[in-house]
Amino acid sequence: MRSFNAPFALIAALVSSAAAQTFTINTPLNVQVCLPVLINWTGGTPPYFLSILPAGQPSANALVDLGQQSGNSVTWIANLPVGTGAFLDLRDNTGTLAQSGSFTIQTGTNTSCVGQAASISAGPAVTGGTSGGSSIQANVNSATSSSPASPTSKGASSTTAKPTTSPSKAAAVAQYAPVGAAAMIGAAILSIVV
């Protein structure tokens, strides 16, 4: 008679492993100069270290260093010139790397923030899934850096905005990939047991 404990232990280990390996950062959509952009990610081990690098240049110096983050989201005022191509580079506390797809800074209502120190604030708490690939498009209230000489601002800025939800295909795949992997593993184990 077969032991039923071993297959279930194997299933639990494989599902846990698949979930732990999912460390992704969403690609922001419709990034407009001097407007707030919600950047969020899932997985990994905090604290996180977030930078914005030039598109297609993964070993280049950061265009913007958004510093150390403890949560799983941040709101950034897009302070790069219109037409700049970039991507998000995120490392967790273990050195694991997650990178977004490329995006280009679009025209906004003004360009007064370009060349200024980065202005960031903690993003909304993300529970369960993510609001993948969404960007916040609205006017900003008091969203300026507390230290103009510093490349990053860790002080909380106040923003008033409503996110637009436009999930990208990559974000949807990343969100449901662990479930699909767990289902496939479970089906394979079940076929062995039965």
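Strand E3 (residues 48–54) and strand E4 (residues 64–69) pair in the antiparallel sense over five bridges; helices (H or I, at least four residues) and strands (E, at least two) are DSSP runs, numbered from the N terminus, and two strands pair if DSSP finds at least two bridges between them. The model is predicted, with local features requiring pLDDT of at least 70 and side-chain atom pairs counting only at pLDDT 80 or more, whereas totals for chains, interfaces and linings use all residues. Residues are numbered from 1 along each chain as its sequence is written, and side-chain values use heavy atoms, with hydrogens and water left out.

E3 also pairs with strand E6 (residues 85–91), in the antiparallel sense over six bridges. Six of the seven residues of E3 are buried, so the strand is largely enclosed by the rest of the structure. Buried means under 20% relative accessible area, exposed over 50%, and partly exposed in between (1.4 Å probe, protein chains only).

An open sheet of four strands runs in the order E1-E2-E5-E9, with antiparallel pairing. Its edge strands are E1 (24–25) and E9 (120–122), each of which pairs on one side only. Within this sheet, E2 and strand E5 (residues 73–77) are joined in the antiparallel sense over five bridges.

Individual residue partners are listed below.

| Residue | Partner | Partner strand |
|---|---|---|
| Ile 52 | Val 64 | E4 |
| Leu 38 | Thr 75 | E5 |

Pro 36 lies in strand E2 (residues 36–42) and is buried, with a relative accessible area of 1%. Pro 36 and Ser 121 are 85 residues apart in sequence and 9.6 Å apart in space, C-alpha to C-alpha.
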